[in-house]
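Please open the model in your viewer and keep the selection tool at hand.

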Amino acid sequence: MTLIDAIKGNRFAVFGRAGMDMFADPIGVKSEDATTFRADLGGSSANICAGLVKLGSEASLVTSVSDDAVGRFCINRLQDYGVGTRYVRSVGGEARTSLAVYESCIEDFQNVIYRNGAADFQVTDADMDAVDYSAFTALITAGTVFAAEPSRSATFRAFDNAKAAGLPVIFDIDYRPYSWPSAEVAAEVLSRAGDASDLIVGNDEEFGFMAGGIEKGLDKAQELAASGKLVIYKMGHEGAITLSAGEEIRTGIYPVTAVKPNGAGDSFMAGLLASIATGHSLRDAVLRGSACASIVVSQPGCANAMPTTTELEAFLSSHSGPTL
């Protein structure tokens, strides 16, 4: 089964973290001045799951959360969004589910993330072996899972299990320096994950980081594509370059008035995959992913801001079009 055919199967096992987001309310209020915060599901992989389901795909999260009120909050919200939670394990001890506290403003944006002793790093080989890979058509992971053990080794085991089951691996580089013991370890491990993946999505800084310098990022993306992978090289407001089978597809963005910068990458991934799954061309799927990213940054929150198919179509029909 080809990568595109597997994505069209539209059943995704997503590996990585779920967390609680708390964002200052109303729009424009700084976190330190806020008296009211809204709470919802957060975490890159959980956001991707919510985005996929809202666009009509099936997605289950594979992770661990703390066995406490915050962990149960995340499980409840995942279920509220329609995300499968069979493979979300609650762990005791001192591990804690991640918390992100941020605001809906662009100037001097602050996102304070608490990840000391993160519960999602506690996934094990046994967790990965317990997944019924035959129930899915593709594996998705965000790079944060590789930042610490036992999650790092366990996720590489999941890669092996997925390959044995005939599932392609979809990798969002998602480099977060604060999660890693050093930049050198991150570069080595993320490069290994990229080599083991079939579809790789990242921004120019992330590819540049893997290559040893931002000026080398596109060369790194082209090198990975030359080895037979589908690579999407994002460049912020300059759009994206999709590298596939010797072809380079350049696409723009949908300009909006943003209220925050976070959540865009998760929404892009969900929109990209869900659009491929429903039969859109690769170029159109990338553009639809870009539209999803624009929708999310124009609203407070992340998981709650992920568009439904109806909302995505309404945005596309009312917008003047992409920049390229």
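Across the whole structure, a search finds 13 salt bridges, a salt bridge being a side-chain nitrogen of Lys or Arg within 4 Å of a carboxyl oxygen of Asp or Glu. This is a predicted model, in which local features need pLDDT of at least 70 and side-chain atom pairs count only at pLDDT 80 or more, while totals for chains, interfaces and linings use all residues. Residues are numbered from 1 along each chain as its sequence is written, and side-chain values use heavy atoms, with hydrogens and water left out.

Select Asp-40 and Arg-77 to begin, whose side chains meet in a salt bridge at 3.1 Å, N to O. Because Asp-40 lies in strand 3 (residues 36-42) and Arg-77 in helix 3 (residues 69-81), this pair ties together parts that are 37 residues apart in sequence; helices (H or I, at least four residues) and strands (E, at least two) are DSSP runs, numbered from the N terminus. Asp-40 is buried, with a relative accessible area of 6%, where buried means under 20%, exposed over 50% and partly exposed in between, with a 1.4 Å probe and protein chains only.

Next, select Arg-288 and Glu-313, which form a salt bridge of 2.9 Å, N to O. The pair links distant parts of the chain, with Arg-288 in helix 10 (residues 282-297) and Glu-313 in helix 11 (residues 309-318), 25 residues apart. Arg-288 counts as buried at 9% relative accessibility, whereas Glu-313 is partly exposed at 36%.

Now move to Lys-229, in the loop between helix 8 (217-226) and strand 11 (230-234). The side chain of Lys-229 does, however, reach the backbone oxygen of Asp-195 at 2.7 Å and the backbone oxygen of Ser-197 at 2.8 Å.

For the last stop, select Phe-15, Val-62, Asp-120 and Thr-155, which are among the residues lining the largest cavity. A cavity is a set of points on a 1 Å grid over the protein atoms alone where a 1.4 Å probe fits but cannot get out, and lining residues have an atom within 4 Å of a point. Strand 4 (58-66) and helix 5 (151-164) each supply at least two residues of this lining.

Notes: On a 1 Å grid over the protein atoms alone, a cavity is a set of points where a 1.4 Å probe fits but cannot get out, and a pocket is an open set with protein on both sides within 12 Å along at least five of seven lines; lining residues have an atom within 4 Å of a point. A polar contact is a pair of N or O atoms within 3.5 Å; within protein, one must be able to donate a hydrogen and the other to accept it, and residues adjacent in sequence count only if both atoms are side-chain atoms.
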